[in-house]
Structure formats: C-alpha cells, structure tokens
Amino acid sequence: MNDTPDLLKKLMEYGKSDFYPFHMPGHKRQYKGSFGVDFPNPFSIDITEIDGFDNLHHPEGILKESMEWASRIYGSSKTYYLINGSSCGILSAISGTVSRGGTILMSRNCHKSAFHGVFLNQLRAEYIYPQIIRSFGIQGGLLPEKIEEMLMNHPEIQAVFVVSPTYDGVVSDIKTIAETVHRFRLPLIVDEAHGAHFSFGKRGEFPVSALELGADVVIQSLHKTLPSFTQTAVMHVREGYVDMGRLDRYVHIYQSSSPSYVLMAGIQNCIRYMAEEGLEQMKFFSGRIEEVRKVLSGLKHLRLFTDQEKGRYGIYDMDPSKIIISTKGTGKSGAWLDDRLRKEYHLEMEMCGSDYVTAITTLNDTKEGLQRLCNALLHIDSGLSAEEDFEGGNSLCQELKRTPECRLTIAQAMDEPRHRIAISDGEGMVSAEFVYVYPPGIPIVVPGEVLKRESINLIMKYKKLGLAVQGMEDEDSRELYVVNETGSVGR
Ligand SMILES: Cc1ncc(COP(=O)(O)O)c(C=O)c1O
C-alpha cells in the first residue's frame with residue numbers, strides 16, 4: 001500500500017545519499033577495516049540462548065569467557081556487555097550502590113538516565129554543579145574540592161555519580177575526585193558514555209579513561225565513539241567500594257531478557273579490533289583531528305573550542321575528537337548553523353545548542369568527510385560578520401549554575417496529585433515533569449524543582465529556535481504538569 005511507512009526503504013535511501021554523519025554511531029556507516037570485513041550478515045548469527053551459546057543472565061560459557069577476556073583487556077575486576085546502552089549501566093550502577101530512599105551526590109549536568117535512576121529508587125539527589133565556560137556558553141568540569149565539601153556536609157550520601165567527559169568533551173580531574181570519594185569510603189561512578197575511545201588512545205593524544213584513574217564503576221557507550229552497533233555499551237567495575245552481588249542483580253533487571261547475539265558479537269568484535277589495532281588507528285585519527293583543528297583555527301567569526309581553557313573552569317583534559325563550533329558574536333544561533341550545514345552541505349551534526357554545534361568525529365571518519373566539514377565551516381564563516389548575539393543568548397549552562405530550589409524528591413513530585421498549566425504561567429510552581437532538550441538530554445527542569453522565570457524563558461527560547469524540547473507529556477511542549485498542593489510556592 002502506498003501509505004505504508006517504509007522505514008527500511010527510507011534508511012536505505014539515506015544510506016545511499018551524500019549526507020555525511022558527524023554524529024553517532026561511531027562506525028559512521030563504514031564497513032571498512034578489519035572491524036567490518038569479517039562481520040557476517042546479521043540474520044545468519046541472530047540466535048537465542050540455545051545449547052552451547054550461554055546465557056547473558058547466567059553466564060558460564062562463551063559469554064562469560066568473552067566478558068572475562070574483555071575485563072583483562074580493560075584491567076577491570078569485571079566488565080559487563082550492555083545491550084541496552086549506557087542508560088542500562090547507569091540505572092544499574094545507581095540502583096546497585098544506593099539503597100532505596102537513600103542519597104546520591106550527582107552532577108547536575110547528568111544524562112536523563114541518571115535522573116531516572118534517582119526516580120526509580122526514590123532517592124534524594126544532592127547536586128554538584130559544573131563550572132561554566134562563559135565565552136563559549138558550555139559546561140566546564142567539576143571541582144574535586146566542591147565534591148569534598150558536599151561529602152563533609154552530607155554524611156548520608158552513599159555514592160557519587162559524575163559525567164566525564166561531558167557531551168562537549170570536557171574531562172574533570174577524575175583521579176583527585178576518586179581519591180576524595182574514597183577518603184569517605186564511598187564508590188565513584190563515572191558516566192564515560194562519550195569516552196569509550198579513551199581506553200585505546202595514547203596518553204597525551206586522548207584523555208585517560210576513568211577506570212585507570214581509580215573510579216569504581218565506569219560506563220562507556222561503545223556505539224558513540226567506536227565502531228560498534230547502536231545500543232552497545234560496556235560497564236567496568238573495580239572491586240573494593242562496590243557490592244558486586246547487588247550491582248549484578250540490577251544489571252539483570254535492566255538488560256533485556258532476550259539479549260541480541262548480533263549486538264553482543266558486535267561488542268566483542270569492536271573490543272577485539274581496538275585491542276589489536278586501536279593504538280595505531282587512534283594515532284592516525286589523532287593526526288587527522290590535529291589537521292582539522294589547524295584548518296579551523298583560521299575561522300574568523302565562528303570559533304572552534306580548543307584546549308586553551310585547560311586548567312581553568314574545572315577542565316582537567318579535553319577530548320580533541322569533539323568539534324565544538326561557537327556562533328557567539330556572529331548574531332546567529334546554533335540552530336542556524338546546524339540548519340545550513342544540513343541543508344546546503346549535507347553534513348549532519350550530533351547536536352546544536354543555542355549558540356554552538358557539536359560534531360562527533362571518530363577513527364572511522366574519512367579524510368573526505370572531514371575535509372567537507374572544514375570547507376563548509378570556512379565557507380559559511382566567510383559570509384559572516386561580527387554582530388550582537390541573537391536575542392536572549394542565555395543557555396543551558398547559565399541555567400545549570402542557578403542552584404534550583406528542590407521542594408520534593410523526583411519520585412515524590414512525579415507521584416503527587418498534579419495539574420497541567422501553560423509553561424509560561426509556571427513561575428514559582430513545583431514541576432512534576434522533566435524538561436530537557438534532546439540531545440544532550442540534560443534536564444533544564446527536574447521534577448520537584450521550583451520553576452524559575454529564567455528556566456521558563458529558556459524553554460520558550462529553545463522552542464522558538466526549533467530545538468527538540470522534550471520530557472513533558474504534552475507533545476507540543478506548551479503545557480507542563482505541576483504538583484497540586486505545593487504547586488504555588490514562593491510567588
Ligand atoms: C552523557 C551521556 N550519558 C549517557 C547516555 C546514554 O547512553 P546510551 O545512549 O548508550 O544509553 C548519553 C546519551 O546520549 C549521554 O550523552
């Protein structure tokens with residue numbers, strides 16, 4: 001029938017087009033190199049837990065051996081293959097380290113899955129806030145001394161959860177943070193979803209993985225920055241501060257009971273490839289990125305985020321593979337640049353913020369693809385001039401530095417009687433819903449927080465810019481549920 005939506009046809013047509021991906025998955029739809037050539041037709045290896053092929057939920061054969069092999073490569077006490085993405089590792093790590101109703105210390109710029117972990121376990125969240133890099137409007141790193149301060153003031157905290165690198169490639173001082181957290185005899189969980197490639201890069205060229213720096217649980221999305229299928233991720237655990245049995249129980253709750261052998265074989269294939277050829281490939285990739293960065297340093301109006309801010313704003317290290325281009329000072333928005341790159345140059349970015357775009361580059365990017373990005377940016381730049389920032393240039397970053405007033409825990413706010421209001425009328429009310437732009441999926445508003453005029457303005461600005469504002473039941477993101485009784489505080 002003509003009106004039947006045909007996803008497969010659409011994907012195949014797109015695959016044949018000249019659109020180039022500066023987004024995940026990290027394989028960039030390439031089938032080259034030894035990671036791809038030996039990989040068979042997926043149907044031919046798509047089985048279930050038949051005799052001889054083990055069971056991910058009770059591994060004692062080939063899957064156990066494979067995960068133990070991976071653990072030796074990474075140097076962990078235990079490595080899990082995750083087929084539900086880093087999200088499932090994050091949910092498991094939070095559930096496995098904090099008791100129901102307990103307290104977690106987490107960075108406020110976490111991915112939504114961390115907030116979902118807080119909700120599901122009815123936790124109380126204490127927040128630490130990333131530093132803000134004003135000149136770029138992006139988040140910096142986390143300061144270890146702030147974490148120490150929070151741990152001193154809140155002896156009830158049971159685990160610390162941080163995101164490093166951020167979506168923009170900013171790495172915090174994980175070694176010092178781990179030492180600090182361990183002084184309080186607590187586990188440190190690091191969301192390293194965007195840093196799976198760190199484990200295979202050369203020191204000095206790429207940041208060091210949190211696992212090597214003393215973190216207790218490290219979660220990496222293989223699919224974001226390495227040649228691996230979407231949804232594939234790994235969770236590494238170091239024995240000492242983690243109840244291994246409890247964590248294990250939760251991994252089996254959050255993983256599908258029908259894990260895909262195609263995805264699991266893809267995980268092993270990716271790790272094998274990186275273990276055998278990764279260092280050499282990453283070195284080659286590092287050289288290519290250096291060339292890209294050299295060319296983009298010639299931009300006159302758009303600005304490339306470089307490592308010049310390293311050592312400030314909590315930035316301990318930077319992932320050079322994330323290409324962040326700021327439109328600040330050009331009078332144009334990130335959405336404008338994103339749109340031009342897509343429509344005129346057929347280059348698809350990973351995300352755009354209010355005044356920047358982010359390109360994910362990986363070792364699978366082609367020389368031609370990277371050249372197309374450089375040429376497009378130089379060409380767009382040549383048509384720009386210095387102008388006032390566009391109206392209301394405040395960003396998620398500015399929002400994140402305003403400590404919210406939390407009236408209720410996330411679970412309380414989501415379970416309380418509630419009613420719907422127009423977002424524009426919400427100032428002073430307690431939100432019963434999340435509001436975030438996806439990507440990056442970092443909440444602007446968390447359930448239980450009192451709505452501020454600035455957050456409301458930001459949400460309305462993002463909608464006007466055409467960014468994907470999500471999280472609310474109202475699909476048009478015009479109306480928001482707020483909590484009934486406590487719903488009118490501080491007006
Ligand atoms: C910082 C961060 N953590 C975790 C996730 C979730 O990862 P996954 O998509 O592998 O579930 C994302 C997804 O974009 C992310 O940006």
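**Working through the model**

Analyst: Start at the surface: Ile 50, Phe 53 and Ile 62 make up a nonpolar patch, with about 260 Å² of accessible area together. Patches take residues with over 30% relative accessible area and no salt bridge; like charges are joined within 9 Å, nonpolar side chains (Val, Leu, Ile, Met, Phe, Trp, Tyr) within 5 Å. Areas come from the Shrake-Rupley method with a 1.4 Å probe, and for residues only the protein chains shown count as cover. This is a predicted model: local features need pLDDT of at least 70, side-chain atom pairs count only at pLDDT 80 or more, and totals for chains, interfaces and linings use all residues. Residues are numbered from 1 along each chain as its sequence is written, and side-chain values use heavy atoms, with hydrogens and water left out.

User: Where is Ile 62? And is Ile 62 buried, partly exposed or exposed?

Analyst: Ile 62 is in helix H3 (residues 62-74). Helices (H or I, at least four residues) and strands (E, at least two) are DSSP runs, numbered from the N terminus. Ile 62 has 42% relative accessibility, so it counts as partly exposed. The cut-offs: buried is under 20% relative accessible area, exposed is over 50%, partly exposed is in between (1.4 Å probe, protein chains only).

User: What about confidence? What is the mean pLDDT of the chain?

Analyst: The mean is 93, and 95% of the residues reach 70 or more. Over residues 487-491 the pLDDT is below 50; this stretch has 12 contacts in the model beyond near neighbours in sequence. pLDDT is the predictor's confidence in each residue, from 0 to 100. Contact means heavy atoms within 4.5 Å. Where pLDDT is low, predicted coordinates should not be read in detail.

User: Switch to H4. How many of the residues of H4 are buried?

Analyst: 12 of the 13 are buried, so H4 is largely enclosed by the rest of the structure. Among the buried ones are Gly 85, Cys 88, Ile 90, Leu 91 and Thr 97.

User: How far apart are the end C-alpha atoms of H4?

Analyst: They are 19 Å apart. At 1.5 Å a residue, the 13 residues of helix H4 (residues 85-97) should span 18 Å, which agrees. The expected span is 1.5 Å times one less than the number of residues.

User: And Val 98: where is Val 98, and what does Val 98 touch?

Analyst: Val 98 is in the loop between H4 and strand S3 (103-107). Val 98 is buried, at 0% relative accessible area. Not counting residues up to four places away in sequence, Val 98 touches Thr 103, Ile 104, Leu 123, Gln 158, Ala 159 and Arg 246.

User: Now Thr 358. Buried or exposed?

Analyst: Buried, with a relative accessible area of 0%. Thr 358 sits in strand S17 (residues 356-360). Leaving out residues up to four places away in sequence, its contacts include Phe 22, Tyr 167, Lys 322 and Met 351.

User: Salt bridges next. How many salt bridges does the count come to?

Analyst: The count comes to 21. The rule is a side-chain nitrogen of Lys or Arg within 4 Å of a carboxyl oxygen of Asp or Glu. One of them pairs Lys 283 with Glu 205, the closest N and O atoms being 3.4 Å apart. That pair links distant parts of the chain: Lys 283 is in helix H10 (residues 261-296), Glu 205 in the loop between strand S9 (188-191) and strand S10 (217-221), 78 residues apart.

User: What does Lys 328 pair with?

Analyst: Lys 328 meets Asp 355 in a salt bridge (3.6 Å, N to O). Lys 328 lies in the loop between strand S14 (322-326) and helix H11 (334-345), and Asp 355 in the loop between strand S16 (351-352) and S17, so the pair ties together parts 27 residues apart in sequence. Both Lys 328 and Asp 355 are buried.

User: Which peptide bonds are cis?

Analyst: A cis bond joins Met 24 and Pro 25, with omega about 0°. Pro 25 is in the loop between strand S1 (20-22) and helix H2 (33-37). The bond from Ser 164 to Pro 165 is also cis, omega near 5°.

User: What is the phi of Gln 231?

Analyst: Positive, about 90°, although Gln 231 is not a glycine. Gln 231 is partly exposed, with a relative accessible area of 41%.
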